[in-house]
Amino acid sequence: MEQIILKKRPIGLPKQTDFEHKEIKLKGLREGELHLRLAYLSVDPYLRGRMNDVKSYVEPFKLGEPIASTGVLEVIRSKSQDFAVGEKVIATVPWQKEVILPDAQVRKIDVSLASAPAYLGVIGLTGLTAYFGLLDIGKPQPGETVVVSAGAGAVGSAAGQIAQIKGARVVGIAGSDEKVRYMVQELGFDVGVNYRADNYPEILQKACPDGIDVYFENVGGKVSDAVWPLLNRYARIPVCGSISAYNKTAEEDNGPRIQSYLIKTSAEMKGFTVGNYADAFPEARQQLIKWLEEGKLTHKETIVHGFDQIIPAFLSLFEGKNIGKIVIEI
């Protein structure tokens, strides 16, 4: 059985040589356990942080042990009364084609409600992250301006759409004209802004003539530097991610000091992780599925095919080329 382990802790951008393929044998199936075949695997930017040996909200990966992320799997053998062969489940799993898990560690999914990849994206942890960050911290109101960085990405695309559902005007920030078109034409954002444009700060200011009430932060760095002067009084800033800094090896850039902007506007800036809201997942997931059924929420996955493409797909997250959620179809 092939497994992907962390061979070296990455320095700066991760490289193929930081990982290694290893052969393992599965243990026997015991009562209450399931033998599962991986169908789809999620790769996400937060995994980069777990490759560093530093204190965080989740334990770092250990050298010589497998990387793990969320996957959709099929039951191929069962010694559980609650799961039958052929059923689809979702679980956090090591990067390997098959796995044996206790039934308590998996959750059934209904692929008649949404596609299997959607359970890793818009109605999975990705959609839940957007849902809780935007609604609990951002609290968008009708007519307000909501700006979303990485607006064409997995979390940002969902956050922007949820803001629209709540009646806000949505401005998405992304790194290419193709992504700008996607945000406006397919997601329905009011405006899209390309942060790679030479006059990006001026373009963002024109896109937000009434200032910014909510900034859903995914990126940090120079993308966000242009946001702070545009904050309105009592603005709310859910800090979901800071992908621009994930591969920094030192204090490589000292952006503007944001404290004065927060003080002047009485703005609230709050970091969060989706795990903070675990108790409310079922209710939120039902709402996301309802919005999907009503056509209020759309989604797009970049599907990559093959177990051998897991590492390249993960590395591509830091190139900024993908639109929507990256999912590997095994």
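Q: Is Thr126 buried or exposed in this model?
A: Thr126 is buried in this predicted model, since its relative accessible area is 6% and buried means under 20%.

Q: Where does Thr126 lie, and what is it in contact with once the sequence neighbours are left aside?
A: Thr126 belongs to helix 2, which covers residues 125–138. Leaving aside neighbours within four places in sequence, the contacts of Thr126 are with Asp44, Leu120, Gly121, Ala154, Val155 and Lys325.

Q: How many residues are in the largest nonpolar core, and which have the most contacts inside it?
A: The largest nonpolar core has 48 residues, and Ile123, Phe132 and Leu288 are those with the most contacts inside it. Among the elements that give two or more residues to this core are helix 2, strand 8, helix 3 (154–165), strand 11 and helix 8 (281–293).

Q: Which residues does the second core include?
A: The second core is separate and has 34 residues, including Leu6, Phe307, Ile311 and Leu317.

Q: Back to Phe132, what is around it?
A: Apart from neighbours within four places in sequence, Phe132 is in contact with Ile137, Val274, Tyr277, Ala280, Phe281 and Ala284. Phe132 also forms one aromatic cluster with Tyr131, Tyr277, Phe281 and Trp291.

Q: How many aromatic pairs does the structure hold, and why is the pair of Tyr131 and Phe132 called edge-to-face?
A: The structure holds 9 aromatic pairs. In the pair of Tyr131 and Phe132 the ring centres are 5.1 Å apart and the planes stand at 85 degrees, so the pair counts as edge-to-face, the cut-off for that class being over 60 degrees. Both Tyr131 and Phe132 are buried.

Q: What about Phe314 and Phe318?
A: The rings of Phe314 and Phe318 have centres 5.4 Å apart and planes at 85 degrees, so this pair is edge-to-face. Phe314 and Phe318 are both buried.

Q: Which charged residues sit over rings?
A: Arg50 lies over the face of Phe61, 4.1 Å from the ring centre, and the charged end of Lys108 sits over the ring of Phe83 at 5.2 Å from its centre.

Q: Changing topic, what is the strand order in the open sheet of 6 strands?
A: The order is 10-9-8-11-12-13, with parallel pairing. Strand 10 (191–194) and strand 13 (268–271) are the edge strands, each pairing on one side only, and the twist averages 15 degrees from one strand to the next.

Q: How do strand 8 and strand 11 pair?
A: Strand 8 (residues 145–149) pairs with strand 11 (residues 212–216) in the parallel sense over 3 bridges, and Val147 stands opposite Tyr215 in strand 11.

Q: Last topic, which residues other than glycine have a positive phi?
A: Most residues other than glycine have a negative phi. Among those with a positive value are Lys139, with phi near 45 degrees, and Ala150, with phi of about 55 degrees.

Q: Where are Lys139 and Ala150 found?
A: Lys139 is in the loop between helix 2 and strand 8, and it counts as partly exposed at 43% relative accessibility. Ala150 is in the loop between strand 8 and helix 3, where it is partly exposed with a relative accessible area of 29%.

Definitions and conventions
Residues are numbered from 1 along each chain as its sequence is written. This is a predicted model: local features need pLDDT of at least 70, side-chain atom pairs count only at pLDDT 80 or more; totals for chains, interfaces and linings use all residues. Side-chain values use heavy atoms; hydrogens and water are left out. Two strands pair if DSSP finds at least two bridges between them. Helices (H or I, at least four residues) and strands (E, at least two) are DSSP runs, numbered from the N terminus. Axes are lines fitted to C-alpha atoms, for helices over the stretch in contact, and angles run from 0 to 180 degrees between N-to-C directions. Rings of Phe, Tyr and Trp (its six-membered ring) pair if their centres lie within 6.5 Å; planes under 30 degrees apart count as stacked, over 60 as edge-to-face and the rest as tilted. Buried means under 20% relative accessible area, exposed over 50%, partly exposed in between (1.4 Å probe, protein chains only). A charge sits over a ring if NZ of Lys or CZ of Arg is within 6 Å of the ring centre and within 35 degrees of the ring normal. Contact means heavy atoms within 4.5 Å. A nonpolar core is a set of buried Ala, Val, Leu, Ile, Met, Phe, Trp, Tyr and Cys residues joined through side-chain atoms within 4.5 Å.
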